[in-house]
Amino acid sequence: MKVFTCSIVAVLLGLLALKTFVTGYYRIPQNGMYPTLPAGSVLFTLKHAYRDVSRVKRGDIIVFLREQNGRRYNYIWRVIGLPGDKVQTSGESLIINGQPVGRERVTDAGGRTVFHEQIGDASHQIAFDRRHRTARLTFPSWFRLATYLLGDNRFNAFDSRRFGPMPFSSIIGKKL
């Protein structure tokens, strides 16, 4: 019985160490990453996934810290632009380094149009939610950047179009 109890304690301590130092757990509170991660989805991340900015890849889903009104918030968005890229957004249009991003319509449902988007080697689905069309671009249309992040639900995401690029030091995890 004593060996069994010690084994259980060791496993629990191991899981606690894993949670504390290696992995993160997040519940998605809103639909900014729809259709990839709808509201209520659970996301597991690898903490400290990148040794340096050159390891960040286009298409990665990352968690980063951002301060707003004196409070710190975790955000979960997709990496679209990398350091040195020139990104231009306007409405549904996305241009990276002078090249329009390729998209194919997948479906229309509930006021959202879902597309398959291809940016270099990275491919994923995105949505344009017509009900949130007024939440479009408010940041300058192009610039050289650190890391440019967009939600997959392009008209319903508080992302780099609103607050600009994020420095590498803000990244706290990468989706497993």
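Are Tyr75 and Phe163 buried or exposed? Tyr75 is buried, and Phe163 is buried as well, where buried stands for under 20% relative accessible area, exposed for over 50% and partly exposed for the range in between, with a 1.4 Å probe and protein chains only.

Before I continue, a word on the basis. This is a predicted model, in which local features need pLDDT of at least 70 and side-chain atom pairs count only at pLDDT 80 or more, while totals for chains, interfaces and linings use all residues. Residues are numbered from 1 along each chain as its sequence is written, and side-chain values use heavy atoms, with hydrogens and water left out.

I begin with the aromatic rings. Rings of Phe, Tyr and Trp (its six-membered ring) pair if their centres lie within 6.5 Å; planes under 30 degrees apart are stacked, over 60 edge-to-face, and the rest tilted. The count by this rule is 8 aromatic pairs. In one of them, Tyr75 and Phe163, the ring centres are 5.8 Å apart and the planes stand at 55°, so the pair is tilted. It joins distant parts of the chain, 88 residues apart: Tyr75 belongs to strand 4 (residues 71-81) and Phe163 to helix 2 (residues 160-163). Helices (H or I, at least four residues) and strands (E, at least two) are DSSP runs, numbered from the N terminus. Tyr75 and Phe163 also form one aromatic cluster with Phe64 and Phe158.

Next, the nonpolar cores. Such a core is a set of buried Ala, Val, Leu, Ile, Met, Phe, Trp, Tyr and Cys residues joined through side-chain atoms within 4.5 Å. The largest has 21 residues, and Phe64, Ile76 and Trp77 are among those with the most contacts inside it. Strand 3 (61-68) and strand 4 each contribute at least two residues to this core. A second, separate core of 8 residues includes Val87, Ile96, Val101 and Tyr148.

I turn to one sheet. Two strands pair if DSSP finds at least two bridges between them. An open sheet of 3 strands runs in the order 8-9-10 with antiparallel pairing. Strand 8 (102-109) and strand 10 (122-129) each have a single partner strand, so one side of each is left without a neighbour in the sheet. Strand 8 pairs with strand 9 (residues 112-119) over 7 bridges, and Thr107 stands opposite Val114 in strand 9.

Finally, Lys175 lies in strand 13 (residues 171-175). With 32% relative accessibility, Lys175 counts as partly exposed.
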